[in-house]
Amino acid sequence: MPLNNIPKYNAEMKMDELRAIAKQMGLSFKPGMTKVEMVQEMDNCLSGSMEPGAEENNGL
């Protein structure tokens, strides 16, 4: 699914709802992550600052 078709999301949503949206984005999360952490990763993906599943890389 193109990232511009992702529904609105926020940390107030249920975990299952966030996981379903993240799956559409090609993201997966480690067990134990908080909803706030999940939303931050989803925001990073949409902003283009991080590829799905990639570790943060400061250009090194």
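This is a predicted model: local features need pLDDT of at least 70, side-chain atom pairs count only at pLDDT 80 or more; totals for chains, interfaces and linings use all residues.

Q: Good to know. How many helices and strands does the protein have?
A: It has two helices and zero strands.

Q: And what share of the residues is buried?
A: Of the 60 residues in the protein, 23% are buried. The protein exposes about 4,600 Å², and carbon and sulfur atoms supply 50% of that area.

Q: What pLDDT does the protein average?
A: The average is 82, and 77% of the residues score at least 70.

Q: Where does pLDDT stay under 50?
A: That happens over residues 54–60.

Q: Okay, on to helix α2. Which residues does it cover, and what should it span?
A: Helix α2 runs over residues 35–47, which is 13 residues. At 1.5 Å a residue it should span 18 Å, and its end C-alpha atoms are 18 Å apart, so the two agree.

Q: Which residues of α2 are buried?
A: They are M38, V39, M42 and C45. These residues cover an arc of only 120 degrees around the axis, so they sit on the same side of α2.

Q: What covers them?
A: The cover over the buried residues of α2 includes α1, residues 15–25.

Q: What comes just after α2?
A: That is G48, which takes a positive phi of about 80 degrees.

Q: Now the core. Which residues touch the most other members of the largest nonpolar core?
A: This core has 14 residues, and the ones touching the most other members are Y9, L18, I21, M25, L27, F29 and M42. The elements that give two or more residues to the core are α1 and α2.

Q: Let's pick I21. Where is it, and is it buried or exposed?
A: I21 is in helix α1. Its relative accessibility is 6%, under the 20% cut-off, so I21 counts as buried.

Q: What does I21 touch, leaving out residues up to four places away in sequence?
A: I21 touches I6, P7, K8, Y9, M13 and M42. One of these, M42, is also among the buried residues of α2.

Q: How many residues apart along the chain are I21 and P7?
A: They are 14 residues apart, with 7.3 Å separating their C-alpha atoms.

Q: Last one: what share of contacts joins residues at least 24 apart?
A: Among contacts between residues at least 6 apart in sequence, that share is 29%.

Notes:
Residues are numbered from 1 along each chain as its sequence is written. Side-chain values use heavy atoms; hydrogens and water are left out. Helices (H or I, at least four residues) and strands (E, at least two) are DSSP runs, numbered from the N terminus. Buried means under 20% relative accessible area, exposed over 50%, partly exposed in between (1.4 Å probe, protein chains only). Contact means heavy atoms within 4.5 Å. Accessible areas come from the Shrake-Rupley method with a 1.4 Å probe; for residues, only the protein chains shown count as cover. The expected span of a helix is 1.5 Å times one less than its number of residues. The arc is that of the directions from the helix axis to the C-beta atoms. pLDDT is the predictor's confidence in each residue, from 0 to 100. A nonpolar core is a set of buried Ala, Val, Leu, Ile, Met, Phe, Trp, Tyr and Cys residues joined through side-chain atoms within 4.5 Å.
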